[in-house]
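I opened the model to look up its surface, its cavity and its pocket. My notes follow.

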Amino acid sequence: MDGKNIKKDFPWFANNKGWIYLDSGASSLKPQAVIDSINLFYTKYSFNTHNNDSPLTMKLNLIVKTYRAEIAKFINAQQNEIAFTSGATESMNLIVNNLQEKLVKGDEVIISYGEHTTNLIPWLELIKTKGIKLIYANKKNTYPTATDFINAITSKTKIISFASVSNLFGYQINVEQVVKSAKKINKNIMVIVDATQSIPSEMIDVKKTAVDFMICSAHKMCGPTGIGLVYGKYELLSNFNRPLRLGGGMNGTVGIDHYGLVPIPDRLEGGTLHGAGIFGFRAAAAYLTKIGMKNVEAYLKSLKDYIDAQFKTVKDLEYYYVKSDHPICAFNIQGINPQDLANYLGKKKIIVRAGMSCVKLQSFITNNPTGAVRASFYLYNTKADVDALVLALKTFKKTAILKDLV
């Protein structure tokens with residue numbers, strides 16, 4: 001594959017000529033195939049997916065069922081093992097809301113200092129409400145590894161939860177290694193994986209890794225915003241009796257003082273399904289499948305190698321994690337606030353992200369309270385984009401910031 005040719009699939013570039021997009025870690029751009037699929041939903045269907053009272057509305061139900069199966073297949077799951085959510089944040093909250101019933105005071109949940117707030121704040125809430133103990137696997141000033149999570153396990157460990165790829169630093173955790181080792185120590189330990197950053201760039205196989213739960217968002221992998229999924233082994237997900245959304249579609253029987261739940265996954269998808277989102281989600285999965293996830297992974301690895309080599313030529317650059325194969329690059333220039341540097345790059349038509357990127361405990365790793373600039377590349381980026389970023393960094397002068405302020 002060639003990023004230059006891939007660019008042609010994304011109308012964003014035609015509509016924003018001269019701009020370089022390096023913020024795919026926040027949200028990826030959308031190919032025309034995804035946009036067309038969303039338009040198809042609104043122009044041909046557009047009605048509620050719960051309507052079974054005509055041949056046309058019934059057809060939409062069947063399409064959604066087919067698309068659910070295709071999206072599940074993308075991660076090698078069965079369609080009754082996934083539920084659609086608004087994104088990774090809702091997915092994690094759904095998991096925590098249901099697993100809290102199994103936790104008592106003193107139980108331990110293992111995470112790391114490098115987690116997105118999606119995989120931090122719900123657990124912080126359980127410290128208050130359930131008295132759980134949150135264990136941070138990695139030591140201060142270190143990046144977490146699979147071994148860190150394994151070594152943190154004690155007799156009180158109930159859950160291990162982590163991002164398989166860091167959204168700020170790009171480091172990767174070997175999911176299969178963590179799951180296999182944790183289950184050997186205690187088969188009842190549950191492992192939750194935030195695959196939000198890994199699903200756009202590598203093949204996900206929930207059966208191979210044997211993970212208990214997995215979450216992701218479609219908008220990181222060329223899909224629309226407002227849609228994601230939660231995966232759970234069926235024997236675990238089918239016991240989720242605490243939906244976050246109570247209302248239409250998730251109930252079976254309703255009386256004046258009680259209600260009953262319908263089976264999985266409908267019980268977890270209360271309200272009107274995001275039909276256009278499901279169409280777009282499926283189109284994104286189909287688009288990436290057509291390219292081939294192995295091709296995507298290989299291309300991004302080669303791009304990351306090129307980034308690493310070029311970054312070495314930039315004076316005073318603090319590059320936080322070099323070893324990753326994923327082109328998510330966190331860096332600073334010595335003595336410069338990351339927000340100022342990001343604004344400077346923005347003036348050069350290079351879109352990056354600055355700050356903590358929702359990794360609010362990142363200072364325990366970088367020892368830098370202001371965070372970093374993050375340049376996150378994806379399949380539509382090229383070596384020319386890297387060269388433009390490196391040139392902008394090399395020609396950066398502190399007076400440029402003062403000039404912008406005057």
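I took helices as DSSP runs of H or I with at least four residues, numbered from the N terminus. By that rule I127 sits in helix α6, residues 121–129. The model is predicted, so I used local features only at pLDDT of at least 70 and side-chain atom pairs only at 80 or more, while totals for chains, interfaces and linings use all residues. Residues are numbered from 1 along each chain, and side-chain values use heavy atoms, without hydrogens or water.

**Cavity**

I searched the whole structure and found one cavity of 30 Å³ or more. A cavity here is a set of points on a 1 Å grid over the protein atoms alone where a 1.4 Å probe fits but cannot get out; lining residues have an atom within 4 Å of a point. Volume is the space filled by probe spheres set on the points, joined across faces, edges and corners. The largest cavity has about 110 Å³. Of its 13 lining residues, Q197, P200, I328, F377 and Y378 are closest to the centre.

**Pocket**

I then turned to pockets: open sets with protein on both sides within 12 Å along at least five of seven lines. The largest pocket has a volume of about 440 Å³. I noted 19 lining residues, with Q172, V175, E202, M203 and T209 nearest the centre. Helices α8 (175–185) and α9 (206–209) each supply at least two lining residues. The largest share, three residues, comes from α9.
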